[in-house]
Amino acid sequence: MYFYPNVIYSDLVDERTLRNFNIVGVVDQDDKLFEKFDKIPLKPKQGFRIISAGTTRVLYALWDTTSIGVVQIFYGYGDNPVVLINGIGTRADERALDIAKAVEKNYDVISGNVGIADYEKEYFFRIESRLVKVQYAGEKTFIDYFNQYKVFIIGLVWFIVLAFFVYIFIRGKQHAKKVTER
């Protein structure tokens, strides 16, 4: 039996295949195929959140064992389009089917490059833009550090500003004293 396009197992995909062909993959969350792409929008890990970079508002978070389906569309090697569908969690196969159905149902209104389907809804995001970013469990951003240490940071800034004003006042007083002595 012959399939067109060719069906290749992901462990047999080599660099030549990635450079010369468009890829449509239905893979497991721990598949080695994810490691072969540099520009993948979302790495299929159990803990992540999608954040609006402008407002730092969390748009979607997955920190527990919730099962989700993920579809990603991006450019791989040689600017060939890549579509990867996978499931994460205990019901990964069902959620992968859910996201495939969601793409089929919403294909004319989808504006993002990453789709997520959980047991209730579907979400679509444009992660490659600078307006939306992904943060994985254990990673910290500047905002996280600022929120953790903001009292110390603000106190240090106030101290520096106050020290600067005191310095200017003392130098001004010394300069005024020299001028009046002449």
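Visitor: Let's pick one residue. Where is the place of Asp38?
Guide: Asp38 is in the loop between β1 and β2. Keep in mind that this is a predicted model.
Visitor: Is Asp38 buried or exposed?
Guide: Exposed. Its relative accessible area is 70%, and the label "exposed" applies to values over 50%.
Visitor: How many Å apart are Asp38 and Tyr77 in space?
Guide: They are 8.7 Å apart, C-alpha to C-alpha. In sequence, 39 residues separate Asp38 from Tyr77.
Visitor: Okay, new topic. What order do the strands of the open sheet have?
Guide: The order is β1-β5-β4-β6-β7. That makes five strands, with mixed pairing.
Visitor: Which strands stand at the edges?
Guide: β1 and β7, the latter covering residues 122-125. Each has a single partner strand, so one side of each has no neighbour in the sheet.
Visitor: By how many degrees are neighbouring strands turned against each other?
Guide: By 10 degrees on average, with direction ignored.
Visitor: How do β4 and β5 run, parallel or antiparallel?
Guide: Antiparallel. Strand β4 is residues 68-75 and strand β5 is residues 81-88, and eight bridges join them.
Visitor: What holds paired strands together, in general?
Guide: Strands of a sheet pair through backbone hydrogen bonds.
Visitor: What joins β6 to β7?
Guide: A hairpin, through four residues. The two strands pair antiparallel over four bridges. Look for Ile116, whose bridge partner in β7 is Tyr123.
Visitor: Stay on β6. Which residues point which way?
Guide: Val114 and Ile116 point one way, while Gly115 and Ala117 point the other way. All of them are buried.
Visitor: What's the general rule behind that?
Guide: In a regular strand, side chains alternate between the two faces of the sheet.
Visitor: Now the inside. How many residues has the largest nonpolar core?
Guide: It has 15. Among those with the most contacts inside it are Leu42, Phe48, Tyr60 and Ile116.
Visitor: Which strands supply this core?
Guide: β2 (48-52), β3 (58-62), β4, β6 (114-117) and β8 (132-136) each give at least two residues. The largest share comes from β8, with three residues.
Visitor: Let's finish with the pockets. How much space lies in the largest pocket?
Guide: About 520 Å³. Its lining has 19 residues, and Asn6, Val7, Ile8, Asn22 and Val24 lie nearest its centre. The elements that give two or more residues to that lining are α1 (15-20) and β1 (23-27).
Visitor: Which element gives the most?
Guide: β1, with five residues.
Visitor: What kinds of residues line the largest pocket?
Guide: There are 13 nonpolar, five polar and one charged.
Visitor: And how much space is in the second largest pocket?
Guide: About 150 Å³. The residues lining the second largest pocket include Gln29, Asp30, Phe34, Ile40 and Lys45.
Visitor: How does that lining divide by class?
Guide: Four nonpolar, one polar and five charged residues.

How values were computed. Residues numbered from 1 in each chain as written. Predicted model: local features only at pLDDT ≥ 70, side-chain atom pairs only at ≥ 80, totals over all residues. Heavy atoms only, no water. 1 Å grid on protein atoms, 1.4 Å probe; cavity = no way out; pocket = protein on both sides within 12 Å on 5 of 7 lines; lining within 4 Å. Points joined across faces, edges and corners; volume = space filled by probe spheres on them. Nonpolar A, V, L, I, M, F, W, Y, C, P; charged D, E, K, R; others polar. Pairing = 2+ DSSP bridges. Axes fitted to C-alpha atoms, helices over the stretch in contact; angles between N-to-C directions. Core = buried A, V, L, I, M, F, W, Y, C linked by side-chain atoms within 4.5 Å. Buried < 20%, exposed > 50% of the residue type's maximum accessible area, 1.4 Å probe, protein only.
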